[in-house]
Structure formats: structure tokens, C-alpha cells
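Work through the exercises below with the sequence and the 3D structure at hand.

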Amino acid sequence: MITAQAEAVFSCAPHTVWSVVTDIAGYGEWRTDIARAEILSERQFIEYAANGTPTVFTTIVWEPEQRWEFELHNGSITGRWSGTFRSTENGTKTAVRFVEEVQPMRFWITPFIPHYLKKQQSRFIADLTQALAQTEQR
């Protein structure tokens, strides 16, 4: 397995961060890396990358405002994603930690996976930062 981690602190309460991150139907509005998301059931959804590649996600841990974890797979990778959310500064800020562990489905893409994961995590955090700023302005 190849593992990548990202951490960030946001200047808003955990419920605000949680509500944006877990609003799958709204992903197309703030995530620049996907074209759209499709909800299949309470526990499963598909993200379609800008190039059309679908990735299926199945929730395995759901602890509101604390932890969201799911398995993921597409034609290139399979693995797990975990997001933890922790209140800081007396509830006025939220520290998040995202961890991805993936296994390439094709051996020849293995060298590219660490860079790909870091890039995706950085983009997710940048997009989330912008989405949260817009949420706070409303």
C-alpha cells in the first residue's frame, strides 16, 4: 500500500467543515478535480473525475463531525480514505487529517501514485478552504 497524509486547520467550527465535506451532492460546486458526484445509496457514491473516470466510494465509518472513512476503487487504484475532524480553539477552529492508503491495480503506475495522491490532497484542501470561505460569507 502507498500512503499519503494531509493536515489543515480551518477557521470555523467542526460542524461547518463536516457539512461541506460530506455534502456529496454539492461536490460539483466546489471541487475542481471532479465533474460530478452521484449518490448510489446512504453508504455509497461515485465521483466522476474531470476526464470522466469514475471512482466508487463505500462508507465504512461514519462518526458525525469526527471521522469519515471509506473504501475506494476505480480502474487504476483500490484502497481506503480516512478523514478525522477535531475541534480546536474552544470550537472556533477545526483541525483535519486526511489519510489515503491505495494499491495500484497496474504495477507500472506505482511510481506515479505518491505524487498523484499528494496533488489530489493539496487540491482538495485548497478547494475546501475556498468553499469554507464562501460558506462563512453567507
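**Exercise 1: strand pairing**

Strand β3 is joined to strand β4 (residues 54-63) by five bridges, and the two run antiparallel. The model is a predicted one, in which local features need pLDDT of at least 70 and side-chain atom pairs count only at pLDDT 80 or more, while totals for chains, interfaces and linings use all residues. Residues are numbered from 1 along each chain as its sequence is written, and side-chain values use heavy atoms, with hydrogens and water left out.

Task: find which residue of β4 stands opposite Gln44, and describe how β2 pairs with β3.

Solution. Begin with the terms: helices (H or I, at least four residues) and strands (E, at least two) are DSSP runs numbered from the N terminus, and two strands pair if DSSP finds at least two bridges between them. In β4, the residue opposite Gln44 is Thr58. The hairpin of β3 and β4 has four residues between the strands, and within this hairpin Gly52 takes a positive phi near 95°. Moving to the other partner, strand β2 (residues 34-39) and strand β3 (residues 44-49) pair in the antiparallel sense over five bridges, with Ile34 opposite Ala49. β2 and β3 likewise form a hairpin, with four residues between them.

**Exercise 2: the two faces of a strand**

Solution. Take buried to mean under 20% relative accessible area, exposed over 50%, and partly exposed in between (1.4 Å probe, protein chains only). In a regular strand the side chains alternate between the two faces of the sheet.

**Exercise 3: aromatic pairs and a charge over a ring**

Task: count the aromatic pairs, and explain where in the chain the partners Trp68 and Trp81 lie.

Solution. The rule is that rings of Phe, Tyr and Trp (its six-membered ring) pair if their centres lie within 6.5 Å, where planes under 30 degrees apart count as stacked, over 60 as edge-to-face and the rest as tilted. This rule gives 16 aromatic pairs. One of them is the edge-to-face pair of Tyr27 and Trp30, at 5.8 Å centre to centre with 85° between the planes. Because these two residues are three apart in helix α2 (residues 27-30), Tyr27 and Trp30 are separated by about one helical turn, and both of them are buried. Trp68 and Trp81 also form an edge-to-face pair, at 5.8 Å centre to centre and 80° between the planes. Trp68 lies in strand β5 (residues 67-73) and Trp81 in strand β6 (residues 77-88), so the pair ties together parts that are 13 residues apart in sequence; both residues are buried. One aromatic cluster includes Tyr27, Trp30, Trp68 and Trp81, and among its other members are Trp18 and Phe124.

A last step concerns charges, where a charge sits over a ring if NZ of Lys or CZ of Arg is within 6 Å of the ring centre and within 35 degrees of the ring normal. Arg31 lies over the face of Tyr27, at 4.8 Å from the ring centre, and Arg36 over the face of Tyr48, at 4.0 Å.
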